[in-house]
Amino acid sequence: MSDLQTKVMELARRRGIFWSSYEIYGGVAGLYDIGPIGTRIKNRIVELWRKYFIKDNAEFVVEIETPLVTPYKVLEASGHVENFTDPIVECTKCHNVYRADHLIEEMAKVNVEGLKPSELDKIIREKGVKCPKCGGELGEVRLFNLLFETNIGPYTGNKGFIRPETAQGMFTSFKRVYESFRQRLPLGIAQVGRVGRNEISPRQGLIRMREFTIMEVEFFFDPESPGEVPLDKVGDLSVNILRGEEKVKGEKPVQYKLREAVEEKVILNPWMAYWMGVATKFVSALGIPQSSTYFEEKLPHERAHYSKQTFDQMVLIGEEKVEISGHAYRSDYDLSRHMKFSGQDLTVFKKYDTPKIVKKKTAVINRDELNKEGKEFVKTFMQFINGKSPEEIEEMINKGVKVNDREISKYVKVLEREEKVSGAHFIPHVVEPSFGVERCLYLTVLNAYKEKEGRIVLSLPKQLAPYDLAVFPLLERDELIKKAKEIYNHLQEKYDVIYDDVGSIGKRYARVDEIGVPYSITVDPTTLLDNTVTIRDRDTWNQIRVEIERLDEVIEKLFKGEEFNKLGRVVDNNE
């Protein structure tokens, strides 16, 4: 960890933002408690995400909730049972187990993301990578499945998993949501929920965890008629993009307007570009400057098994980069797989404006000829053509394909007919923006961490601060405490407010600075004389004196972004 990250981890423990779970038993890697202050910030991050991804897109996005426990068949269909793996390697001497790709990257300084176990093995031998703990030889690289396995109910045969993503619940619920949402595309299904991934080597605090919260949208659309993509909202937004082909060459990200990125096919799908734009605005609202972010395209061997194109939204922290969100064009992979494994129809019927005359090919069995053959041949022939499309059968006829030395053209032919159709069934395509909540929390706090005159200030965006305001009596005098509590009780009707009368005023200011409270209101002896209070700004430490009857008006203006020093009489900090 960098010095900054170490300082943030210490602040987080001390001020109740987050800490390692089960500390009294030594802690468990990859599991973290979110403390009372951290929970308040986290909840505000989730609500901010809901604003950008759901409320601002309410015409086509709805939110649902699906179970944490997922049946085996669901994740078998999704490909996770087979493909949700990471490479591991074990020391032959001390038997410590490491994630192979991370170990190589750390010790040999080689980017090996997405390489096969055999390729990782080869690099370990060529680079002489040894066990970092004892210097022993490393064994053979193998794959480890990251799914947390469980049983559903008391029966051992009813296997399930803790979901590794919220997406599959949204795919399996797609038809229900579609039918209840006016049977209209495009349709976004959003979800915020807990997931579990049995990470091999959790690290960097909240960056790589074994249990965390995901905020995802599965956005369904007709690939032939995707609807009106509201690129006017984000099209002129400039973003930094590192294309896969440029990444291989060691190039740096290039700035594009999102509209240009779509026109030049840098981003394959305009809906994905739209959600990348929304994500850019959301991350900026977390207080992370756009100059510190870019979208990195994943190479084919780096992409998840379901993805046609993927961009990771990266945040730069010094020399390091951390993924804050993933954007995948999943095409029709998930719905197609669930149709195949469940036997249920997950297609959507698209009605044409006017009926169309289409030519359709049909395979017709010549029963007279086929029945002249023995029962065994009939059975073999029917098994051979079963499940094949008319086009496939026609191609085999043209190639003179035979079954048991007899050409199939004798027993089947393909006819073409014209039909009037009023519409067609199709499987929607999907783009997916996905965020980890705890990563957002960590990167927001990391970016907000400042040091000023030997003290720590957490300069969070106002809408993410755990409390909007703090109220203090300057001294522990009954009349000051009474007045401060009156103000506190009044402000609580509209704002989240913290009250503190313990310790010196300097220590109380320091405490609220460290948890990111934007403004502090102090009741002092002058208040009892002229009915005014001081308001202190967290970031500048400037103070203004304001009449209590104007307090509501001034606070409202502060949260609208009006200039602090113009809203009251500026106070000398030595007063």
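Trainee: Hi! Where does Arg-330 lie?

Mentor: Hello! Arg-330 is part of strand β16, which covers residues 320–331. Keep in mind that this is a predicted model.

Trainee: Is Arg-330 buried or exposed?

Mentor: Buried. Its relative accessible area is 0%, and the cut-off for buried is under 20%.

Trainee: Which side chains make polar contacts with the side chain of Arg-330?

Mentor: Glu-165 is one of them, at 3.4 Å. Asp-334 is another, and there the polar contact is 2.8 Å.

Trainee: And what is Arg-330 in contact with, leaving aside its neighbours within four places in sequence?

Mentor: Glu-165 turns up again, along with Ala-167, Gln-168, Phe-171, Glu-218, Tyr-306, Val-430 and Glu-432.

Trainee: Great, new topic. Where is Phe-181 found?

Mentor: Look in the loop between α8 (174–180) and β10 (187–196). Phe-181 counts as buried because its relative accessible area is 9%, and the limit is under 20%.

Trainee: What does Phe-181 touch, not counting residues up to four places away in sequence?

Mentor: Ala-58, Glu-59, Phe-60, Val-62 and Leu-187. Also look at Val-61: Phe-181 is 120 residues from Val-61 in sequence, yet their C-alpha atoms are 9.7 Å apart in space.

Trainee: Nice. Which residues make the nonpolar surface patch?

Mentor: Tyr-22, Ile-24, Tyr-25 and Val-28 make a patch of about 540 Å². Val-28 sits in the loop between β1 (18–20) and β2 (32–34).

Trainee: Now strands. How many bridges join β5 to β7?

Mentor: There are 4, and the two strands run antiparallel. β5 spans residues 85–90 and β7 spans residues 142–145. As an example, Thr-85 stands opposite Asn-145 in β7.

Trainee: What about β5 and β6?

Mentor: They also run antiparallel, with 3 bridges between β5 and β6 (residues 97–99). Ile-88 has Arg-99 in β6 as its bridge partner. The hairpin of β5 and β6 has 6 residues between the strands, and His-95 in that hairpin takes a positive phi near 65°.

Trainee: Last one: how many residues of helix α18 are buried?

Mentor: 8 of its 11 residues, so the helix (residues 505–515) is mostly covered. Among the buried ones are Ile-505, Tyr-509, Val-512 and Ile-515. Just after α18 comes Gly-516, with a positive phi of about 90°.

Notes: Residues numbered from 1 in each chain as written. Predicted model: local features only at pLDDT ≥ 70, side-chain atom pairs only at ≥ 80, totals over all residues. Heavy atoms only, no water. Buried < 20%, exposed > 50% of the residue type's maximum accessible area, 1.4 Å probe, protein only. Polar contact = N/O pair within 3.5 Å; in protein donor to acceptor, adjacent residues only side chain to side chain. Contact = heavy atoms within 4.5 Å. Patch = residues over 30% accessible without salt bridge, like charges linked within 9 Å, V, L, I, M, F, W, Y side chains within 5 Å. Areas by Shrake-Rupley, 256 points an atom, 1.4 Å probe, with all protein chains shown as cover. Salt bridge = Lys/Arg side-chain N within 4 Å of Asp/Glu carboxyl O. Pairing = 2+ DSSP bridges.
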